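Colleague: Please take me through this model one feature at a time, giving the general idea before the particular case.

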Amino acid sequence: MAHLTQSPADKERFICLYPIYINSKKTLAEGRRIPAEKAVENPSCTEIRDVLTAAGVNVYVENKMHPREWNRDVQFRGRVRVQLKQADGELCSDKFSSRKDVMFYVAEMIPKLKTRTQKSSGADSSSQPGDGGKKSKKKKK
């Protein structure tokens, strides 16, 4: 009943977003929540936070682990809490009406981050067409 008494603007009422939800390397059984072709390879909490902060959404990161994440590495650690609604119940942003909207937006924007586009730019640019090739091979089978 706590959700009835708490304002949507309370930090406890922010939605949880784990990197595993949008990780293309994970299966649905392992915790991915969006289609693999829209997901991102090994996203981090800082990338999710950066994208959502740039979108003007109220966000904070917690040092938590997703229960299905077996890798205890720092890279996979963290949970991002995102404010979807204001105290009066109105949406904070028109483009995010549900947690799925947030996941799709983050997965779309992370590959465009400077850290993703510049990080060993030669290797990264060659791996992206390779990923595309792998995906088309899977579809042919």
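Colleague: Where does Asn 42 lie?

Modeller: Helices (H or I, at least four residues) and strands (E, at least two) are DSSP runs, numbered from the N terminus, and Asn 42 lies in the loop between β1 and α2. Please keep in mind that this is a predicted model, in which local features need pLDDT of at least 70 and side-chain atom pairs count only at pLDDT 80 or more, while totals for chains, interfaces and linings use all residues. Residues are numbered from 1 along each chain as its sequence is written, and side-chain values use heavy atoms, with hydrogens and water left out.

Colleague: What is the phi of Asn 42 near, and is Asn 42 buried or partly exposed?

Modeller: The general idea is that most residues other than glycine have a negative phi. For Asn 42 phi is near 40°, a positive value in a residue other than glycine. As for accessibility, buried means under 20% relative accessible area, exposed means over 50%, and partly exposed lies in between (1.4 Å probe, protein chains only); Asn 42 is at 25% and therefore counts as partly exposed.

Colleague: Which residues does Asn 23 touch, not counting residues up to four places away in sequence?

Modeller: A contact means heavy atoms within 4.5 Å, and on that reading Asn 23 touches Arg 32, Ala 39, Val 40, Glu 41, Asn 42, Pro 43 and Phe 76. Asn 23 is found in the loop between β1 and α2, and because its relative accessibility is 2%, Asn 23 counts as buried.

Colleague: Which backbone nitrogen does the side chain of Asn 23 reach?

Modeller: This is a polar contact, a pair of N or O atoms within 3.5 Å, where within protein one must be able to donate a hydrogen and the other to accept it, and where residues adjacent in sequence count only if both atoms are side-chain atoms. In this case the side chain of Asn 23 reaches the backbone nitrogen of Lys 25 at 2.9 Å. There is another such case with Glu 30, whose side chain has a polar atom 2.9 Å from the backbone nitrogen of Thr 27.

Colleague: Where is Glu 30 found, and what is it in contact with, leaving aside its neighbours within four places in sequence?

Modeller: Glu 30 is found in the loop between β1 and α2, the latter being residues 45–54, and, with those neighbours left aside, Glu 30 is in contact with Ile 20, Lys 25 and Arg 68. Its relative accessibility is 32%, so Glu 30 counts as partly exposed. Separation in sequence and in space can be read side by side here, for Glu 30 and Pro 67 are 37 residues apart in sequence and 9.6 Å apart from C-alpha to C-alpha.

Colleague: In what order do the three strands form the open sheet?

Modeller: Strands of a sheet pair through backbone hydrogen bonds, either parallel or antiparallel. Two strands count as paired if DSSP finds at least two bridges between them, and here the order is β1-β3-β2 with antiparallel pairing. Because β1 (15–17) and β2 (59–62) stand at the edges with a single partner strand each, one side of each is left without a neighbour in the sheet. Strand β3 (residues 79–82) pairs with β2 over four bridges in the antiparallel sense, and Glu 62 stands opposite Arg 79 in β3.

Colleague: How many salt bridges does a search of the whole structure find?

Modeller: Side chains of opposite charge can pair when their charged atoms come close. With a salt bridge taken as a side-chain nitrogen of Lys or Arg within 4 Å of a carboxyl oxygen of Asp or Glu, the search finds six. One of them joins Arg 79 to Glu 62, with the closest N and O atoms 2.6 Å apart, and this pair links distant parts of the chain, strand β3 and strand β2, across 17 residues. Glu 62 also meets Arg 81 in a salt bridge, at 3.5 Å from N to O, and Arg 81 in strand β3 is 19 residues apart from Glu 62 in strand β2.

Colleague: Why do Arg 79 and Arg 81 count as buried?

Modeller: Arg 79 counts as buried because its relative accessibility is 13%, and Arg 81 because its value is 8%. Glu 62, at 17%, counts as buried too. Another salt bridge joins Lys 112 to Glu 108, with the closest N and O atoms 3.8 Å apart; there Lys 112 counts as exposed at 52%, whereas Glu 108 is partly exposed at 48%.

Colleague: How many disulfides does the structure hold?

Modeller: With a disulfide taken as a pair of cysteine sulfur atoms within 2.5 Å, the structure holds zero. Among its cysteines, Cys 16 is buried, with a relative accessible area of 19%, while Cys 92 counts as partly exposed at 32%.
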